[in-house]
Every structure is written in structure tokens, then in C-alpha cells.
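Please keep the structure open as you read the points below.

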Amino acid sequence: QVQLVESGGGLVQSGGSLRLSCVASGSIFSIMSMGWYRQAPGKQRELVAVSIRDGTTNYADSVKGRFTISGDNAKNTVYLQMNSLKPEDTAVYYCNAVQFVQRTYTYWGQGTQVTVSS
């Protein structure tokens, strides 16, 4: 089992910045990827950014150039630096981890609210 705890959400004005953190604990071996998803009211959960074990990172087109995903292996933490925030970035942001131990396991954090005011 892997536990994920997010922090860093809040209320920010349009154009501002926030940094989300996600700390992983538990059986944190064979983690293939960690990433961030978001879900706005009335919308489906969508990928924001993902960091894959081989060093590859992928971003949603809507956040490219504004958001950066990074990690600190020593702290078992993944970050999402969000700059130039827009009202349409308002959503609950969820940390995600994918582990492969004979089969794939997917874990989610509890979510952290990000609200961008215009």
C-alpha cells in the first residue's frame, strides 16, 4: 500500500503562483510514475502532469509552459509548481502514483483545492 498526502492548495489571484506537494509513504517501491490530476466541478478528472520513472515528464497542453512537475527522491515527494494561474485552473488537484508489483496498482491522494480568482 502507498499513501499519498497532498498540501499547498489555496486561493490565489489570476496570474499568481502556488506549489503543491505530495508526500508518498508506505510500500514505496517499484513506483513507475507519479503525477497530478485535477477535477473541476461538473467535469471529468484530467491529467495535469506526470513524471515517469525513466525521467520523462508529460503535461496537459493547457498547462505547458506554466506548470512544472519535479521530485525529491530523498523526501519521497513530488511537487507541482504552478505559475501564471488562470481561473480555469480552479479544481481539486489529486496526486497519483502508479506501482507495478506483478500487476499495476494505482493510488490517489485525498485532493487539495486550488481556487484562482479573476
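1. Cys 22 and Cys 95 are both buried, where buried means under 20% relative accessible area, exposed over 50% and partly exposed in between, with a 1.4 Å probe and protein chains only. These two residues form a disulfide with sulfur atoms 2.1 Å apart; the term covers a pair of cysteine sulfur atoms within 2.5 Å. Cys 22 belongs to strand E3 (residues 18-26) and Cys 95 to strand E9 (residues 91-101), so the link ties together parts that are 73 residues apart in sequence. The angle about the S-S bond is -85°, which goes with a left-handed link. A search of the whole structure finds one disulfide.

2. A word on the basis: this is a predicted model, in which local features need pLDDT of at least 70 and side-chain atom pairs count only at pLDDT 80 or more, while totals for chains, interfaces and linings use all residues. Residues are numbered from 1 along each chain as its sequence is written, and side-chain values use heavy atoms, with hydrogens and water left out.

3. Which two residues form an aromatic pair? They are Tyr 37 and Trp 108, edge-to-face, at 5.0 Å centre to centre and 75° between the planes. Rings of Phe, Tyr and Trp (its six-membered ring) pair if their centres lie within 6.5 Å; planes under 30 degrees apart are stacked, over 60 edge-to-face and the rest tilted. Tyr 37 lies in strand E4 (residues 31-39) and Trp 108 in strand E10 (residues 103-108), so this pair joins parts 71 residues apart in sequence. Strands (E, at least two residues) and helices (H or I, at least four) are DSSP runs, numbered from the N terminus. Tyr 37 is partly exposed at 24% relative accessible area, and Trp 108 is partly exposed at 37%.
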